[in-house]
Amino acid sequence: MNRSELLDLAKRTVCEDRATTHGDLEDNFAVVADLWSTYLPHVRLSPADVAAMMVLFKIARIRTNPRHMDSWIDVAGYAACGAEVTP
């Protein structure tokens, strides 16, 4: 898979009807941030933090298996989502 194909797949993954399945992106990431902040009581997270932390999660998976294309696609997708939810 080349970079253009990966980015096209990431775009399809994060842009096609995700709101129907998961709700509004910013609302969903805000809920995740609130839950993570509850779990980490001395930390206040934002939706952008959620995107960045999910990228880090995927990078951890890439360290384990760099040939698994889904993780690379997800990194691109979470980066795009993070850009969108950042004020």
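User: How much accessible surface does the protein have, and what share of that belongs to carbon and sulfur atoms?
Analyst: In this predicted model, the accessible surface of the protein is about 6,300 Å². Carbon and sulfur atoms contribute 57% of that area.

User: What box do the C-alpha atoms fill?
Analyst: Taken along the principal axes, the box is roughly 40 × 30 × 20 Å.

User: And the secondary structure: how many helices and how many strands?
Analyst: The protein has five helices and zero strands. Read from the N terminus, the order of elements is α-α-α-α-α.

User: What percentage of the residues is buried?
Analyst: Of the 87 residues in the protein, 26% are buried.

User: Which share of the contacts comes from residues 24 or more positions apart?
Analyst: Among contacts with a separation of 6 or more, such residues account for 44%.

User: Turning to Ser71, where does that residue lie?
Analyst: Ser71 belongs to helix α5, which spans residues 69–85.

User: Is Ser71 buried or exposed, and why?
Analyst: Ser71 counts as buried because its relative accessibility is 2%, and the cut-off for buried is under 20%.

User: What does Ser71 touch?
Analyst: Leaving aside residues up to four places away in sequence, Ser71 touches Lys58, Arg61 and Ile62.

User: Now Val55: which helix holds that residue?
Analyst: Val55 is located in helix α4, residues 47–64.

User: Why does Val55 count as buried?
Analyst: The relative accessibility of Val55 is 17%, so the residue counts as buried. The limit applied is under 20%.

User: Which residues are its contacts?
Analyst: With residues up to four places away in sequence not counted, Val55 touches Val75, Tyr78 and Ala79.

User: What separates the C-alpha atoms of Val55 and Gly82?
Analyst: The two C-alpha atoms are separated by 9.4 Å, while the residues are 27 apart along the chain.

User: A change of topic: charge. How many positive and negative side chains are there?
Analyst: There are 9 positive and 12 negative side chains in the protein. The centres of these two sets lie 10 Å apart.

User: Which residues gather in the patch of negative charge on the surface?
Analyst: That patch is formed by Asp24, Glu26, Asp27 and Glu84.

User: Where is Asp27 placed in the secondary structure?
Analyst: Asp27 is in helix α3, which covers residues 25–39.

Key:
Residues numbered from 1 in each chain as written. Predicted model: local features only at pLDDT ≥ 70, side-chain atom pairs only at ≥ 80, totals over all residues. Heavy atoms only, no water. Patch = residues over 30% accessible without salt bridge, like charges linked within 9 Å, V, L, I, M, F, W, Y side chains within 5 Å. Areas by Shrake-Rupley, 256 points an atom, 1.4 Å probe, with all protein chains shown as cover. Salt bridge = Lys/Arg side-chain N within 4 Å of Asp/Glu carboxyl O. Lys, Arg positive; Asp, Glu negative; His and termini not counted. Charge placed at Lys NZ, Arg CZ, Asp CG, Glu CD. Helix = DSSP H or I, 4+ residues; strand = E, 2+ residues; numbered from the N terminus. Buried < 20%, exposed > 50% of the residue type's maximum accessible area, 1.4 Å probe, protein only. Contact = heavy atoms within 4.5 Å.
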